[in-house]
Amino acid sequence: MKLIKLCNIKDLEEGKIKSIDIENLHLIAILKDNKVYVFDGYCTHEDADLANGFLLEDVIICPLHLSQFNVYTGEVMNPPAEKPLKKYNSLVKDSEVYIEIDK
Ligand code: FES
């Protein structure tokens, strides 16, 4: 595991999906209730870019076929996707957001 700096917490807007490309990863980060949730940025159905998706209360909605994923866990809430989004553990220290990646 390796800890990498993702962004500053001020770069995130509560309830909005933020697209972040780092270390050859395309990620989405979401600030919700003062916590940061980070996932792979591509839908597990047909790789649509979830940065172009929507956040509706507790679900991330894919812009292509409208699969829904739980914003806290990445679990699938609605098909056609069947696999959950990969979630990255995050932590905030001195206003900087870090995530753990496999490396
Ligand atoms: S690509 Fe996301 S639901 Fe099909």
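Buried residues account for 26% of the 103 residues in the protein chain. The model is a predicted one. The protein chain has 11 strands and 0 helices.

**Overall dimensions**
- The C-alpha trace of the protein chain spans about 40 × 30 × 20 Å along its principal axes.
- The radius of gyration of the protein chain is 13 Å, which agrees with the value near 13 Å for a compact globule of 103 residues.
- Of the contacts in the protein chain with a separation of 6 or more, 35% are between residues 24 or more positions apart.

**The open sheet**
- Four strands make up an open sheet in the order β2-β3-β4-β9, with antiparallel pairing.
- The edges are held by β2 (17-22) and β9 (87-88); each has a single partner strand, so one side of each lacks a neighbour in the sheet.
- Strands of a sheet pair through backbone hydrogen bonds, in either a parallel or an antiparallel way.

- β2 and strand β3 (residues 25-32) run antiparallel and are joined by 6 bridges.
- Lys 18 stands opposite Ala 29 in β3.
- A hairpin is formed by β2 and β3, with 2 residues between them.
- Glu 23, in the turn, has a positive phi of about 50 degrees.

- Strand β4 (residues 35-40) and β9 run antiparallel, joined by 2 bridges.
- Phe 39 has Lys 87 in β9 as its bridge partner.

Technical notes. Residues are numbered from 1 along each chain as its sequence is written. This is a predicted model: local features need pLDDT of at least 70, side-chain atom pairs count only at pLDDT 80 or more; totals for chains, interfaces and linings use all residues. Two strands pair if DSSP finds at least two bridges between them. The radius of gyration is taken over C-alpha atoms; the globule rule is 2.2 Å times the number of residues to the power 0.38. A residue is buried if 20 or more other C-beta atoms lie within 10 Å of its own, exposed if 12 or fewer, and partly exposed in between; C-beta atoms are placed from the backbone. Two residues are in contact if their C-beta atoms, placed from the backbone, lie within 7 Å.
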